[in-house]
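This report is meant for a reader who is meeting this structure for the first time.

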Amino acid sequence: MTDLDAYFARIGYSGPREPTLAVLRELHALHPATITFEAIDCLLDRGIDLSPDAVAAKLIQGGRGGYCFEQNGLFFRVLQALGFQVTPLAGRVVWNLPPGPARPRTHRVTRVELDGESWIADVGFGSAIPSEPLRLAPGLVQETRHDTYRLTAYPPGVVLEVLRDGDWLPAWQMPLDPCEEADFELANWWTSAHPSSHFRHNLLAARTAPEARYALLHNRLTIRPVGGAPVKEVLDADGIERALRDVFRLPVQPDWRPLIERAAAYAGE
């Protein structure tokens, strides 16, 4: 069972505990504002434990963040405990990737049935995460506080697209067939352990707060204020450590320092 009291304290929620759209929207906004998207354990070769107790210990009690299997797994269990009708889905990430062969299904989201409508809840997609649930209505343009989205149809399901700088950019492809937890265990192993997984090579963090989106990739910090132009900064090692602690609100540990220094030395685009 998910400890709802502990979870709500973690994200700063004190509202009703009923399966309503208003509750879903508020939780969907508070979660990514508080629980940072990050995959530092992959860089430390610690592996990612998806058991409910391990995720709660890390993301709730431990003050850490996580990536989609942890984030959306926790959110799924919270919604389920509140009485929402939920279904786990798995899709293919295409964000910032060139066209090519189909990629494995390494992204988890939650489908929510509410008052005769279907919604997609996704609190684990880094710097492009929707800050509110999206209606599962292909073609409908949906404006949120931070970005504008649409879901477009493709044969097995839908594609999430984000409007950035005048262009519709595909984020993920999501078949609509239900998944089992065993499916996520397999995908999680590949994502956290396979040598080609970008989580094994890149220091990254993202937090979507009411005032702005914050994203760190290697030594590049990008801030996208609501209603304003993006601001980008290159950080040294001390700056990265401060950002992880103060911007992304992570409990920085001494054994993170080597990977922080490697990120500070990054010289790519």
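## The largest pocket

The model shown here is predicted.

The volume of the largest pocket is about 1400 Å³, and 41 residues line it, with Trp 95, Asn 96, Ser 127, His 198 and Leu 217 lying nearest its centre. By residue type, the lining of the largest pocket is made up of 19 nonpolar, 13 polar and 9 charged residues.

## The open sheet

Some of the strands named above also belong to a sheet. This sheet is open and is formed by 5 strands in the order β1-β10-β11-β12-β13, with antiparallel pairing. At its edges stand β1 (37–38) and β13 (231–234), and because each of them has a single partner strand, one side of each is left without a neighbour in the sheet.

Strand β7 (residues 148–154) takes part in two pairings. It is joined by 3 bridges to strand β6 (residues 141–143), and the two run antiparallel; in this pairing Glu 143 stands opposite Thr 148 in β7. Together β6 and β7 form a hairpin, with 4 residues between them.

The other pairing of β7 is with strand β8 (residues 157–164), to which it is joined by 7 bridges, again in an antiparallel arrangement. Here Ala 153 has Val 158 in β8 as its bridge partner, and β7 and β8 form a hairpin with 2 residues between them.

## Aromatic contacts

The structure holds 7 aromatic pairs. In one of them, the ring centres of Tyr 67 and Phe 69 are 5.8 Å apart and the ring planes stand at 85°, so this pair counts as edge-to-face. Are these two residues buried or exposed? Tyr 67 is buried, because its relative accessible area is 1%, and Phe 69 counts as buried as well, because its relative accessibility is 3%, where the cut-off for buried is under 20%.

Tyr 67 also pairs with Phe 199: their ring centres lie 5.0 Å apart and their planes are at 75°, so this pair too is edge-to-face. The pair links distant parts of the chain, since Tyr 67 is in the loop between α4 (52–61) and α5 (68–82), whereas Phe 199 is in the loop between α6 and β10, 132 residues apart. Both Tyr 67 and Phe 199 are buried. One aromatic cluster is formed by Phe 37, Tyr 67, Phe 69, Phe 184 and Phe 199.

## A charge over a ring

A further contact involves an aromatic ring and a charged residue. Arg 108 lies over the face of Phe 76, at a distance of 5.2 Å from the ring centre.

Key:
Residues numbered from 1 in each chain as written. Predicted model: local features only at pLDDT ≥ 70, side-chain atom pairs only at ≥ 80, totals over all residues. Heavy atoms only, no water. 1 Å grid on protein atoms, 1.4 Å probe; cavity = no way out; pocket = protein on both sides within 12 Å on 5 of 7 lines; lining within 4 Å. Points joined across faces, edges and corners; volume = space filled by probe spheres on them. Nonpolar A, V, L, I, M, F, W, Y, C, P; charged D, E, K, R; others polar. Pairing = 2+ DSSP bridges. Phe/Tyr/Trp six-rings, centres within 6.5 Å; stacked < 30°, edge-to-face > 60°. Buried < 20%, exposed > 50% of the residue type's maximum accessible area, 1.4 Å probe, protein only. Lys NZ or Arg CZ within 6 Å of the ring centre and 35° of its normal.
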